[in-house]
Amino acid sequence: MTEEEKKELRDFIQSEIGRLKESIGLAKNTVQPVAPDNAIGRLTRMEAINSKSINEATLNSAKIKLGRLEKALRDLEEPDFGICVRCEEPIPFGRLMILPESTVCVKCIEG
Ligand SMILES: [Zn+2]
């Protein structure tokens, strides 16, 4: 990976982290306990509970993704970043731009 590619990838990861933190912040506001006399517009309590569990699922997956991206950002400085852990070939830059947390190349995932 060239220095330019690395910089591009770092910028990308940082913007993704920013975006995730923002959506985690928004989701947190909606994951508050549902009070019995809840009056969120026209939502019934059941609907409020349903939307709460959806938000919790979104929040959890966002947190997992955030953790992976933060790790990728740290690993980016390691000399073996972007190297497939199985075949030790470089992972194509295009793949890293889609999934920066990739540790195996497409060939090894499929194989
Ligand atoms: Zn591989």
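User: In this predicted model, what makes helix 1 and helix 2 roughly antiparallel to each other?

Analyst: Helix 1 (residues 3-30) and helix 2 (residues 45-75) pack at an angle of about 155°. Angles over 145 degrees count as roughly antiparallel, and the pair is therefore given that name. The axes of the two helices are 9 Å apart, and the crossing of helix 1 past helix 2 is left-handed.

User: Which residues make the contact?

Analyst: On helix 1 they include Ile-13, Ile-17, Leu-20 and Ile-24; on helix 2, Leu-59, Leu-66, Leu-69 and Leu-73 are among them. By class, the contact has 11 nonpolar, 3 polar and 8 charged residues.

User: Why is the site of the zinc ion called tetrahedral?

Analyst: The angles among its 4 donor atoms are 105 to 117°. Four donors count as tetrahedral if all angles lie between 85 and 135 degrees, so the site of the zinc ion is tetrahedral.

User: How do you know that the SG atoms of Cys-84, Cys-87, Cys-105 and Cys-108 are donors?

Analyst: These SG atoms lie 2.3 Å from the zinc ion, and the cut-off for donors is within 2.8 Å of the metal. Along the chain, the donors have the spacing C-x2-C-x17-C-x2-C.

Conventions: Residues are numbered from 1 along each chain as its sequence is written. This is a predicted model: local features need pLDDT of at least 70, side-chain atom pairs count only at pLDDT 80 or more; totals for chains, interfaces and linings use all residues. Side-chain values use heavy atoms; hydrogens and water are left out. Axes are lines fitted to C-alpha atoms, for helices over the stretch in contact, and angles run from 0 to 180 degrees between N-to-C directions. Helices (H or I, at least four residues) and strands (E, at least two) are DSSP runs, numbered from the N terminus. Angles under 35 degrees count as roughly parallel, over 145 as roughly antiparallel, 65 to 115 as roughly perpendicular and the rest as oblique. A crossing is left-handed if the near helix is turned anticlockwise from the far one by less than a right angle, and right-handed if clockwise. Contact means heavy atoms within 4.5 Å. Ala, Val, Leu, Ile, Met, Phe, Trp, Tyr, Cys and Pro count as nonpolar, Asp, Glu, Lys and Arg as charged, and the others, Gly among them, as polar. Donors are N, O and S atoms within 2.8 Å of the metal (3.2 Å for Na, K and Ca); water is not among the atoms, so sites may look incomplete. Four donors count as tetrahedral if all angles lie between 85 and 135 degrees; four count as square planar and six as octahedral if opposite donors are over 155 degrees apart and all others between 65 and 115; anything else is irregular.
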